[in-house]
Amino acid sequence: MEDEQFRQLYGIILKSPLLSALLHNWDKVALPDSWLVAGAIAHTVWNQTFGFPLAHGINDIDIVYFDANDLSEDAEADHAARVRTTFSDLPIWIDVKNEARVHLWYEAKFGYRINPYTSTTDAIATFPTTATAVGLRPGNGSVELCAPFGLFDLLGGVVRPNKRQIGREIYEKKVSRWLKVWPNLSVVDWD
């Protein structure tokens, strides 16, 4: 994607020692249909926008992948351990999830069933806010972007619910935490 918003986003990400280290060594992630996603991207952008250090408020880095051929919890855990070991020099927790198996545990955690995802990009489109429904991954000499709601909200510090899968409670819990860390966010109410 060669537009100005993407260049702006990628420029910010490249300034982050955490995220740029991952993207520059993405081949070491070595997982099918894998993407750097969600909070760490949004939080890095918000930190740049609001004048905080780029790692401010970032609790973890999310990497998602899609492997419908192995839905086992053990395989996911093994991949996560390998990726964390590979990037052990980064001072942050790296969370690795197989989006092909989310439907197996989602009901137990959130109280309702979801249909299986068909790809990682399908999963990204269900992330709780438009600003966090974003993914990046290097490949073929460039960086690919998945942003089903575009980049306007992310770059503008706007938090808007993505109601495709979550309910009000999940959204409001995220908003409450984020406002404590980034008080200048512009929040769109659930209703």
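## Surface, fold and core of a predicted model

The protein has an accessible surface of about 9400 Å², and carbon and sulfur atoms hold 50% of this area (Shrake-Rupley method, 1.4 Å probe; for residues, only the protein chains shown count as cover). Keep in mind that this is a predicted model, where local features need pLDDT of at least 70, side-chain atom pairs count only at pLDDT 80 or more, and totals for chains, interfaces and linings use all residues. Residues are numbered from 1 along each chain as its sequence is written, and side-chain values use heavy atoms, leaving out hydrogens and water.

Here are some overall values.

| Property | Value |
|---|---|
| C-alpha span along the principal axes | about 40 × 40 × 30 Å |
| Buried share of the 191 residues | 49% |
| Contacts (separation of 6 or more) made by residues 24 or more positions apart | 69% |

Buried means under 20% relative accessible area with a 1.4 Å probe, protein chains only, and contact means heavy atoms within 4.5 Å.

The fold comprises eight helices and seven strands, counted as DSSP runs (H or I, at least four residues, for helices; E, at least two, for strands).

Now to the interior. A nonpolar core is a set of buried Ala, Val, Leu, Ile, Met, Phe, Trp, Tyr and Cys residues joined through side-chain atoms within 4.5 Å. The largest one has 53 residues, of which L9, W46, I61, I94, L136 and L154 touch the most other members. Beyond its neighbours within four places in sequence, L154 contacts L9, I41, A42, V45, W46, A131 and V134. Apart from this core lies another, of eight residues, including V37, A38, V64 and F127.

How values were computed:
Buried < 20%, exposed > 50% of the residue type's maximum accessible area, 1.4 Å probe, protein only.
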